[in-house]
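Hi,

Here is the structure I promised to pass on. Have a look at it first, and then read my notes below.

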Amino acid sequence: MKVTVLGLGHMGSALAGRLLETGHEVTVWNRTPGKAEPLVRQAAGEAASPEEAVEGAEVVFTLLTNDAAVKAVALEGNVAGMLPEGAILVDMSTVSPDTSREIGAAAPDGRFVDAPILGGPEPFRAGQATLLLGGDREMIQRHTSLWEDLSSGHYYAGPNGSATTLKLLSNSMLVGGTQLLMEAVATGQAHGFSNDVLREVFGGSPAVAPGVRVRLDDILGGDHKGWWTLLLADKDMSLVLELAKQVDLMLPIAGASEKLIRRSIDAGYGEQDLGSMTEVLREKVSNSV
Ligand SMILES: NC(=O)c1ccc[n+]([C@@H]2O[C@H](COP(=O)([O-])OP(=O)(O)OC[C@H]3O[C@@H](n4cnc5c(N)ncnc54)[C@H](OP(=O)(O)O)[C@@H]3O)[C@@H](O)[C@H]2O)c1
């Protein structure tokens, strides 16, 4: 298919790479120039603007930081309005369900799918992530082969906004589970257990989910370059708490998760991976979190 990817961060680059590997004709655009080079070497076309990138596309993907970025491109930049006849717009960013619904309403004939990803850049690039899909069921079914190219499994969540809702709730469990692992590691290390012992015990423990276990080595070793920044996790936890507020629920664990994230951002770890919160625990400031 003729596809366009708008946004070449960690995830957008992985998406474009996966689309090229699965035989699609790919055009890419990124706000800041210079990120397309590796993809252009693999035969992607680079457009100078979203308008140019969208021309002639059958599927247009956005994979951008947050609500403001997605709205800037899809609504203020009018990508939703300039979709070629019959083309669909697919937003894979993790954003508020309200934003998904707003874009769905702006896209001609409702040709919009919210398609957030369960998985980081590496599994996504390898086709091993899971996709949640929100939008018109029949339109989504017509694109089954595309979802199959991009994932090891896809799930129809319901109308626009339902996929982004489920994605946020899933991220809440991921953040909380990762924080519990960090607490266990920091406490275990402080009690004199070696990294080898902690790796073996926690790495094999059924209490540590697979999506949490992928960070075990980085948490043990203090390498926090990673792939998912605390600033992105902070955005997600705010959206989770907003979802709870809308239905008059209180989420004490999600609230505590957000506080530890904020504390870590204040300590200068915003651009580092989720695992960097371990350093804040080690700095013994956690009693005030
Ligand atoms: N990283 C993960 O593990 C992961 C996993 C699943 C889902 N997600 C979600 O996927 C989305 C992207 O994450 P990422 O890790 O790829 O982030 P990232 O590496 O920080 O990339 C963000 C992208 O958004 C672009 N952007 C930001 N503001 C923009 C604006 N106003 N107009 C146009 N482009 C704008 C950036 O362009 P510039 O280069 O010009 O700044 C960049 O291409 C987020 O919603 C995130 O929550 C991330």
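Let's start at the ligand: one of its oxygen atoms is 2.9 Å from an N or O atom in the side chain of His 10, which is a polar contact (a pair of N or O atoms within 3.5 Å). Before going on, note that this is a predicted model, where local features need pLDDT of at least 70 and side-chain atom pairs count only at pLDDT 80 or more, while totals for chains, interfaces and linings use all residues. Residues are numbered from 1 along each chain as its sequence is written, and side-chain values use heavy atoms, with hydrogens and water left out.

In total, 25 residues surround the ligand, and the closest are Asn 30, Thr 32, Lys 35, Trp 227 and Lys 235 (near means a heavy atom within 4 Å).

Now for a pair of helices (DSSP runs of H or I, at least four residues, numbered from the N terminus). The axes of α13 (residues 230-246) and α14 (residues 252-269) come within 10 Å and cross at roughly 150° (axes are lines fitted to C-alpha atoms over the stretch in contact, with angles from 0 to 180 degrees between N-to-C directions). That makes α13 roughly antiparallel to α14, a label for angles over 145 degrees.

Residues in contact (heavy atoms within 4.5 Å) include Leu 230 and Met 237 in α13, and Ile 261 and Tyr 269 in α14.

Cheers

Technical notes:
Helices (H or I, at least four residues) and strands (E, at least two) are DSSP runs, numbered from the N terminus. Angles under 35 degrees count as roughly parallel, over 145 as roughly antiparallel, 65 to 115 as roughly perpendicular and the rest as oblique. A polar contact is a pair of N or O atoms within 3.5 Å; within protein, one must be able to donate a hydrogen and the other to accept it, and residues adjacent in sequence count only if both atoms are side-chain atoms.
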